[in-house]
Every structure is written in structure tokens, then in C-alpha cells.
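Sequence and model go first, then my notes.

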Amino acid sequence: MRFRHRRTAAAAALAAAAVIGLPACSAALGEEESILDADSLTIGVKTDQPGLGLEDGSGDIRGFDVKVALYIAGRLGFAEEDVEVTGITSADRERKLGSGEVDMVVATYSITPARKTEVTFGGPYYVAKQDVLVRAEDTHVQEVDHLEGRSVCHEEGSNSSARIREGLGIDVEQREAPSYSACIDALREGEVDAVSTDNLILAGFLAEEPDAFRLLNNPFTDEKYGVGLPHGDVRACEEVNRAINQMYQDGTAAELLETWFGETDLQLVKSVPQFEGCDPA
């Protein structure tokens, strides 16, 4: 992560001050380090989720999450040419934040108590609902209870199937795949009976193949999409929350939601979400 170079520079300044017997500057010993101090920003997004983050044939990544990420980065003071958007999966979000490979994650990253022990979350920037996608011809599944005894696919690193089995007490066969696009492929081929995750993710896939699949529109749970930040970076979290608030106040959030999901049947929420707070767990 690029702001690590600032950490090295600060350490060198302290060492030099010690050698020549001068007091170290207060900047080197000042407030906690933050991604706000960096010259550039690397943001992890999904690359296989239509409507949210999807890599096109030219190598660009397009979608709602990408636009949200760039808006927030701009409000944090980063010029677009100083922002790198890179692909990330559900399974490696915590690892890449912890290692410094990315500075921020905007990738349908649901805020959970367990994740808050490793990641500081700004936001949420949107509150989705978990739902279920089935094949269009499967008329037997009309609500989540009808998944009893059936196979449900989720992406590696996601909690979606567990919320059905453990949260709702419905005995489903949990299947794991490397990505939600792989889950969709398995559903199309009849290898699984359903895919369950956030309704924004499912709506993106449904929009690409409206005749192949059917969304139950029987939502359960709130999925609070947070902006993942290095654990303890409270300064950045507070600025991210200000940026998200402004994004809703100036109409950008509503415009982006309409652009990417306006043609679906989802009831889009266009009011400012209730923020979680920035104190590290």
C-alpha cells in the first residue's frame, strides 16, 4: 500500500533525529497514521458482479460500487488519476486490507461483528436485503422456506447460505463456489437449486438473463454494505461517512442506483443509511 512509504519515512526521520541528538518532529509522532495521508489510493472492488462491479472486455471495471468508490475517493481529496481500482474477492478482503495490498474495499462488504474485529467500516453506503434466485422454470420455490432440503450456492467467504441454515433454521445443503458468477453458472446448469445473497447482486445477474432466472422478492436480513478500511483508521472512517452523507444529499446516490438498478423490480432505498460508527471493535 502506497502510504506505507510515509511510515518508512517517519521512522527514518526519528532515527536521524536520534543520531544527531535533536528532538523528533511532532509530525512523526503525531496522530494515528491514516490512508488520508497517502498520495494515492488503491480500492478493491468486485469484478464479476453485474451492476455492482464487472470487468468488461477492455479491462475496465464498471458498476455501482465502482462509482461509489470513486465518489468517496474524490471527497477524500484524491484526484481520479491517483486512484487505482483493482479486483478483489469475498475471501481475500480482510487479508488484502491487513497486508496493505488495498487501502479501501467497496465490494458488497456486509458489516458484521466478526469482521469489525479486523476491519474498520465506514458507512454503510447502502443497506441491501438477502434474497434468493432460482431457475425461471422452478415454480416450486416461492419463498425461502421452500428451500428445505435443496442445495443453495454461495461465494467462498460469504455468510449467505449460513444465514438460511443457521439463522432461519432451514435445512439447506450449502454449496460453495469461487464466485457468485460461478454460482450462477451452477444454477443455470442445474447443479444447484438456488443462489442466495444480497438482492442487489442477484438483481444484477437477473438483469443480464431475465428469462433464465427468477428472483423470489422475499427478502430477509439487512445487509449493510460498508466501506472496508484498515483496522483502527478512525480518521478515514469519519471522512468516508461525511462523503457518503454528501453522496445522498446531493442526489448522486439516487442517480447511481437508478442507473444500475432502475430497470429491475427492486424497491431501491435512496435515503441516507444509519451509520455504524467508527470506534474500532
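Before I start on partners, a reminder to myself: two strands pair if DSSP finds at least two bridges between them. Also, I'm working with a predicted model here.

I looked up strand 12, residues 220–230, to begin with. Eight of its 11 residues are buried, so I noted the strand as mostly covered, buried being under 20% relative accessible area.

Next I checked how strand 6 (residues 104–110) meets strand 12: the two run antiparallel and are joined by three bridges. Which residue of strand 12 is the bridge partner of Tyr109? I found Gly226.

Then I turned to strand 7, residues 119–135. Strand 7 pairs with strand 12 over nine bridges, again in the antiparallel sense. I wrote down Thr120 with its bridge partner in strand 12, Leu229.

Most residues other than glycine have a negative phi, and most peptide bonds are trans. I went looking for exceptions.

In strand 7 I stopped at Pro124. The peptide bond joining Gly123 and Pro124 is cis, with omega about 15°.

Thr108, in strand 6, is not a glycine, yet its phi is positive, near 40°. Is Thr108 buried or exposed? I put it down as buried, because its relative accessibility is 5% and the cut-off is under 20%.

Asn217 isn't a glycine either, and its phi is positive at about 55°. I located Asn217 in the loop between strand 11 (213–215) and strand 12. Its relative accessible area is 42%, so I logged Asn217 as partly exposed.

Conventions: Residues numbered from 1 in each chain as written. Predicted model: local features only at pLDDT ≥ 70, side-chain atom pairs only at ≥ 80, totals over all residues. Heavy atoms only, no water. Buried < 20%, exposed > 50% of the residue type's maximum accessible area, 1.4 Å probe, protein only. Helix = DSSP H or I, 4+ residues; strand = E, 2+ residues; numbered from the N terminus.
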